[in-house]
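Here is a short report on a two-chain model.

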Amino acid sequence: MSATNDTSSLRRVAPVVEPGHTFGTVTEKISSIVLSRPAGAGWFFGISIAFGLVMMLGMCVAYLIARGTGIWGLNIPVAWGFAIVNFVWWIGIGHAGTLISAILLLLNQKWRTSINRFAEAMTLFAVACAGLFPLIHTGRPWYAAYFMMPYPNTMGIWPQFRSPLIWDVFAVSTYFTVSLLFWFVGLLPDLATLRDRATSRPQQMIYGLLAMGWRGSARHWHRYQMAYLLLAGLATPLVVSVHTVVSFDFAVAVVPGWHTTIFPPYFVAGAIYSGFAMVVTLAIPLRKFYGLEDFITMRHLENMAKVMLATGLIVAYGYCMEFFMAFYSGNKYDSFLAMNRMHGPYAAFYWALILCNIVIPQLLWLHRARTNVALLFVMSLVINVGMWLERFVIVVMSLHRDFMPSAWGNYRPTIWDVGTFAGTIGLFVMLIFLFVRTLPAISIAEMRELVAHTSEEQK
Amino acid sequence: MSADDHKHKQHDEHDHEEVELAPREYSVDLAAIRERLSKSSGKEYWRSLEELSDNPHFAELLHREFPRQASELDESVDRRDFLKLAAASLALAGLSGCGGPPSESIVPYVTQPTGLTPGKPQFYATALQMGADAIGLLVESHEGRPTKIEGNPDHPGSLGASNAFAQASVLGLYDPDRAQVVTHQGNIESWGAFLETAAGAAKVLKTGAGLKILTGSVTSPTLAAQIRGLLTQYPQAKWHQWEPAGSDGAREGAKLTFGRVVSAVYRPEKAEVILSLDADFLASGPGHLRYAKQFARRRKLSGAGSEMNRLYVLEPTPSVTGASADHRVPMRASDVGLFARALAGKLGLGGGAPLPAGSEKLLETVAGELQKHRGASLVIAGEQQPAEVHALAHAMNQALGNNGATVYYTEPAEAQPVNHAESIRELCADMHNGRVDTLLILGGNPVYDAPRDYDFAEKLKKVRLAVRLGAYADETAEHCQWNIPEAHYLESWSDARAFDGTASIVQPLIAPLYQGKTAHDVVGAFSDKPGMSAYDRVRATWLGGHTEKEWRKWLHDGVIEATAFAPLSLTTKWSPASMPAAKPLAADQIEFVFRPDPCVYDGRFANNGWLQELPKPASKLTWDNAALVSPKTAEKFGFKHSSAFVGGEHGQTISDIAEIELSGGKVSAAVWTLPGQAEGVITLPLGYGRSKSGHAGTNKGFNAYAVRSAAALWTATGGSVRKTGETYPLACTQAHHNMEGRELVRSASFEEFKKNPGFTQLPEEEKMKGLSLYKEFEYPGYAWGMAIDLASCNGCNACVVACGAENNTPIVGKEQVLRGREMHWIRIDRYYEGSLDDPAMLFQPVPCQQCENAPCEQVCPVGATTHSAEGLNDMVYNRCIGTRYCSNNCPYKVRRFNFFRYQDWETPEFKLMRNPEVTVRSRGVMEKCTYCVQRINNVRIEAEKENRPIRDGEIVTACEAACPSEAIVFGNANDPKSRVAKLKAQQRNYTILAELNARPRTTYLGAVKNTNPELERPEHPAKETK
């Protein structure tokens, strides 16, 4: 998996930063996107579409709260639909950021440097999108917001700690908090850089405030790096725990198709799979439009492609094991479910999932495919679609035909389901657009460090 | 009518835009089904056609993008919004009690009325008259508001049981769509103005020429006496009767046999062998509740030593009685008659007829069985069968020595039994000839339901003064000058005779909500005593020679002592040999049969949402009727239906529309393929296609009266059927699925049961017993449990409506049922066993299973569903945030979610209607069966006051109370002497999905059919046909 250990291919592998960069060019190149470069028509075009979608999200949520969850396509037996599918999907996407920042940092993978900042931002935005769904999908969100919290009260009523949904509350909120802290701590030196380079008073004020008095002293750097490492250590188990807990929502239930022990590892692998796909989806346009090919090189793209291939294979293994266990266990409900996935009313979704998540990504075995930027971009989208379908298959297809044939039914989303989903995509994209224009999308400090290291190596 | 239908369809297209846009998924391939069934080995259960067909075309649809969705402002919501306005403006007049205290000074009770404790319900006895029968009821009243109906155990027609119609009549009382004021030519008038008009009319009537009275069947002695009095006063006046779903066949059959109209009263409890000739005697017709109870009691199984009677049913269309049969034979209605003749011949009564194809063996067996059980057998002719079949049944019963044993004859319960078809023909002829000056229409809806060839509406125009007493401003009201709102039976004083003659006083539970009047008042208006109240009239009928104390006892008991008619000793001179030669229907000729709908009956309950949303026993359709055809007939005409993607199997089925031309009329109807329907028979259920009913009833389904002529009231031939190519969305709660090898309903023949009384026990389930990760709950006190005997359940639906009435469960409207969101806390699953054309039907009521290891309890994040100290799985509505996780994790799918605010909080009538002991749930909350926890607690309070344990049978859940066949038993499973514990101790007892180890408190006793080994049906006759 690690290309750096493969000496024969090392020669062909692109560097993590193109040669010829100095501290000055790095700083100039990255900070100019925020400080001096005009926004451009493309940016405005993009963000206005995203903003439109956010407005639609607002409308969908307002109507939902006014009328009730009945505006969605839910029914009995399929009482969870798009909302939960989207929740799991977004949470999965939110995995790559912390994985890149924390685990790759601890593993001393230098190539993470160029992509960790926006991957972390992506994580935060994805988790924000995800967090919306569990709240609004409840019948009474106004109570859900505080009944789920274990606050001390005179009545002695607590949440029900046996429920995986309560575990979710803790897992997701912890993950979000740690990710936010990690991201913010990492931003501090860059915020100071922006403060120093900013020319307008408001920019100086805002970046100055956010930089929290960073002066770049050796003591600062020492403490900064210590804190960063500690946070990385703290975040590492969360990478595994969040999606494990999310998978418990399903694994703990009795529903055939949910009740399986393979879910935690399989969900984590799937999350990393989709997370990296989303990083690729964002990285390719970012490096293209802002001329960052020097910093986000083919090396990065290829490495991410390899991670996708590896996690994709784990996911494929998960599918196979699910299928095998359905028959090996002799459980008639599980074997029915497996057949229903392949031949039931939603079979097309299942086969689309297999195509998107297993068949197409096999192209990544080819070096040529991994280095073809356009193809890689398309494939990252395909994987994102595939991972969404996976959650749809798990949530809807398991529920729609469970134990009592007399209660079987179908689920079809309404425009409000689709609108809410599209709205969160809009929210995500809008936040990414704002992020790119207001904060350094690539860590300036770490890039400078990298430039220093690579120039040393070259010497 | 076709114009109406089109209008209807357009209306629906408009309202259910999404429905119409929903892509079809796959169609039913009957040939494939047959093949599949024939290939499978062993006993296979299946639910319906789509599943069997296993068609892969479903996938096609998935290539489409999500089709456009219609606005969420769906029909049901529009209706509600409209109701809010309508109610606010119309309903408040009679309901000053619900808007807070009045501004005038009010005085509380100084002395509490005897027996009234605020907060404690009181029960009053009354009776619901329907057709030629009345059902004795006990009505629960909360502070003067009737809220719930129970059967009256002292009444012979109820024995404590009730049916869906009686249960739903509470909603009928509070229906805000009811006619509320007296109108004249559409203008609001006063009752006084009407009395003046009536007095004026009475003055000019003189001998009464031109005065006609039209009623339904009258079993009220007081009303009959009043009408007779009027006829004496005006000798030339005439009394006509028209009951669209009444049985002229029974009346004429008795006349043919005995020379006069008598009622046949059955004693199924004494019969070893019963042959039903198309008689749905367990679920409709006079005495059906009593018969259902006695029939079921005769078959209760306690062990291998128990005895069972045997029921043969020959019928064209699947009925509740057919489902209960040990041998059910689908047969065209006319073939049933032929079979009866052949059987009479076989029994040595003379006559005979060519046998319907393939029934030789059946004839042989049935004749043998009947003869073997002389004096303990019973032949029952169906209400919709012609006079000859009734006469044959009487003759056969007599020949078999059953008279006086399993059947006896009495004076008719109807005060004036006449041939209704003839009666309304005379009236129409008189109207046509201008001989009707004044017409009193007391109840009924003849413009809608009279035979189409009489064109009642057109002829009504020639009547100078048409006075209509009706509950709704309906089709008939439109054509009458004076419309008097009819008081509901819960608002009226009256009396009624039951099937055996037992009379009951109908006493009101509440003063008329609107300005309702009774038939007594309207007839009285034309008499010499116009001002006399109905109360005085009823007392005058009965009080002669009796004391006030006796009167009070009658009111209290709900029956008047010793009013049941004595058995008559009759002789028949009629012989089947005197019948003209039979003319069998050609084998390929289509026969149309009309049937009262199991939910809206003849149309009178069309505006009752509880009944509209009640899934029909066999088809599980709601909110619509459909022309029922057999799979083979559907194949022949190319009729298909398919599950839609919205709702799917549990919600929406897209069905082909057929154009039916019959008896000079034409109607477009959705077609439903019903396994068990006789081949070549198209059943047209009555009661739908109302053009003017109310918010719930208008424009639902198709109007079968449009093709019903006087000459062919129940069975018609010579019509044509054509597939139009259009489709219609039907709301079906359980469209299909076989059991997929899951042993949900376990059944055996009586022989098998005797060999192995534990036939329901599966070895693999034994292993699961006692396994749990969690600490076991302990129940030192009560442990509530329920046992449902599938051998007794006949699928009649009384429990479903009773549950809704008791627990304030909302109706959601067709649009929501299409999406699979109906709210019934108890549902009745229907499974088929056997071949496609002649399957056995099995019913399984599924309330909350109240699991010991409840999967729902573990996953609720806020503890809104918890385990009670007595083992109930409680719902805490206040705490529920609506994650719906519990429903997902419920293997039995008994939980129901308020996706919208389904309850109508504004309409004041509905506030009065609800059970004050049960929370009215809001939007976003999960709900489900509670085992009627409010009833448990009421009894507990009483028991604790008396410092004693709760007695067995003291707590009766709503479903248990309503059940006519006593299939549902509730009690303390901790007490080994309780009825429920004894049932659970039977070897037949099993739990569904036992392998999940949820350990439900609701258990089932396997179904047992007393099949005749001589007639053992081949496992898969489909093999022969293919």
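Helix α5 of chain A covers residues 95-106, 12 residues in total. At 1.5 Å a residue, α5(A) should span 16 Å, and its end C-alpha atoms are 16 Å apart, so the two agree. The expected span is 1.5 Å times one less than the number of residues. Helices here are DSSP runs (H or I, at least four residues) and strands likewise (E, at least two), numbered from the N terminus.

This is a predicted model: local features need pLDDT of at least 70, side-chain atom pairs count only at pLDDT 80 or more, and totals for chains, interfaces and linings use all residues. Residues are numbered from 1 along each chain as its sequence is written, while chains are lettered from A and ligands numbered from 1 in the order in which they are written.

α5(A) is mostly covered, with 10 of its 12 residues buried. Buried means that 20 or more other C-beta atoms lie within 10 Å of a residue's own; exposed means 12 or fewer, and partly exposed lies in between, with C-beta atoms placed from the backbone. Among the buried residues are H95(A), G97(A), L99(A) and L105(A). The cover includes α4, α6, α8, α10 and α11 of chain A. After α5(A) comes N108(A), with a positive phi near 60°.

Chain A as a whole has 18 helices and zero strands. Of its 459 residues, 53% count as buried. Its C-alpha trace spans about 70 × 60 × 45 Å along the principal axes.

The contact between the chains takes 52 residues from chain A and 60 residues from chain B. Contact means C-beta atoms, placed from the backbone, within 7 Å. On the side of chain A that touches chain B, α7, α8, α13, α14 and α17 each supply at least two residues. That side has 33 nonpolar, 13 polar and six charged residues.

Chain B is divided into four domains, with bounds from an automatic or database domain assignment.

| Domain of chain B | Residues |
|---|---|
| domain 1 | 2-69 + 585-732 |
| domain 2 | 182-245 + 418-557 |
| domain 3 | 263-410 |
| domain 4 | 747-771 + 783-1009 |

The centres of domain 2 and domain 3 of chain B, taken over C-alpha atoms, are separated by 37 Å.

Strand β18 of chain B (residues 494-497) runs antiparallel to β19(B) (residues 503-506), joined by four bridges. Strands pair if DSSP finds at least two bridges between them. A496(B) stands opposite S504(B). In this hairpin, G501(B) takes a positive phi near 100°.

Terms used
Contact = placed C-beta atoms within 7 Å. Nonpolar A, V, L, I, M, F, W, Y, C, P; charged D, E, K, R; others polar.
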